[in-house]
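Trainee: Please take one part of this model and go through it closely, starting from what packs against it. Then connect it to the rest of the chain.

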Amino acid sequence: MEPFDPTRPNIARVWDYWLGGKDNFAADRELAEKMLAVHPVSARMARENRQFLGRAVGYVAACGVGQFIDVGAGLPTAVNTHDIARSVDPKARVAYVDNDPIVISHARSLLAKSPGVIAVPGDMRTPERILADAGLTELIDLAEPACVILSAVLHFAEAGTARDVAAVFARAIVPGSYLIISVGSGSPSEGENFTSAYTAARIYIHSREEILSFFDGLDLVPPGVVPVPLWRSEGAALDGQAPTATFIGGVARKQRKQRKQRKQRQQRQQSRQSRQSRQSRQ
Ligand SMILES: C[S@@+](CC[C@H](N)C(=O)[O-])C[C@H]1O[C@@H](n2cnc3c(N)ncnc32)[C@H](O)[C@@H]1O
């Protein structure tokens, strides 16, 4: 767990400041403002990402999934994962996970008051431990479809680690489950300005190909991996302004084995037929 130190800027509290929250200290506000000078759309990208998260959770809940594991959940904000999920399915269950003790204590006092919502301390870099947590396994039944959320957190790990983290979660969920991912991205020069100025943690700028690999083995829901303001937003930009492209993300579904096997059989049949028709033409 990250130690609590109000004199040093902190990931969750800087993000909270950009989202318009009040759970931050002077050191966080100072860094958040400095980042706005380096990258003026920083606060906007945080809000756009939150909106993406809302649409993605709403989509997955509407697909009939009622269990969510929100990893790197962040400080409670205006609209949280369980608010969105429960607007579709009032019985939806949510486990918030974070490695910041302040996030966990705020989540426990503000969010986890209602049955079916818990906050679990955990580090995404040890996903097996998160999945084995006694509180989490009591709430989330991994034998049933579930949705794992990794929103705005995988850029705190280098690409190989981020891929491994996503792969462990993808393996742990059953067919019919979903994975929601969004990651900070951007051009190399823009990215370097941002990462060198941001002192709350080390940030890794992942390429689109690397981000696509985080979904390996799963079926991407259309429109695939795109700048988050464009994911099923029907072009609605925040405050009517042009969207930024600093965060990209997507939603993927774990396919049922039978469908996967049927698809593989169809592909084999198609290639056999085209081979036979080539041979008969020769
Ligand atoms: C940028 S905030 C994103 C919050 C929220 N997911 C969202 O999309 O608005 C990143 C969050 O991830 C948490 N975090 C960073 N590294 C983590 C790790 N290794 N394991 C778990 N949580 C982590 C931070 O404490 C912070 O709350």
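Mentor: The buried residues of H8 are covered by, among others, helix H6 (127–132), strand S4 (147–151) and strand S5 (178–184). Cover here is a matter of contact: two residues are in contact if their C-beta atoms, placed from the backbone, lie within 7 Å. Helices (H or I, at least four residues) and strands (E, at least two) are DSSP runs, numbered from the N terminus. This is a predicted model, in which local features need pLDDT of at least 70 and side-chain atom pairs count only at pLDDT 80 or more, while totals for chains, interfaces and linings use all residues. Residue numbers start from 1 along each chain as its sequence is written.

H8 itself spans residues 159–172, which is 14 residues. From its first C-alpha to its last it reaches 20 Å, close to the 20 Å expected at 1.5 Å a residue; the expected span is 1.5 Å times one less than the number of residues. The buried residues in H8 are Ala162, Val165, Ala166 and Phe169. They lie on the same side of H8 because they cover an arc of only 90 degrees around the axis, the arc being that of the directions from the helix axis to the C-beta atoms. The face turned away from that buried side carries the exposed residues Gly160 and Arg171. Buried means 20 or more other C-beta atoms within 10 Å of the residue's own, exposed means 12 or fewer, and partly exposed is in between, with C-beta atoms placed from the backbone.

Val148 and Leu179 touch the most other members of the largest nonpolar core, which has 74 residues. The largest share of this core, 8 residues, comes from H3. Such a core is a set of buried Ala, Val, Leu, Ile, Met, Phe, Trp, Tyr and Cys residues joined through C-beta atoms within 7 Å.

The loop between S4 and H8 holds alanine 152. Phi of alanine 152 is near 55 degrees, a positive value in a residue other than glycine. Alanine 152 is buried, with 24 other C-beta atoms within 10 Å. Arginine 232 lies in the loop between S7 and strand S8 (247–253) and counts as partly exposed, with 15 C-beta neighbours inside 10 Å.
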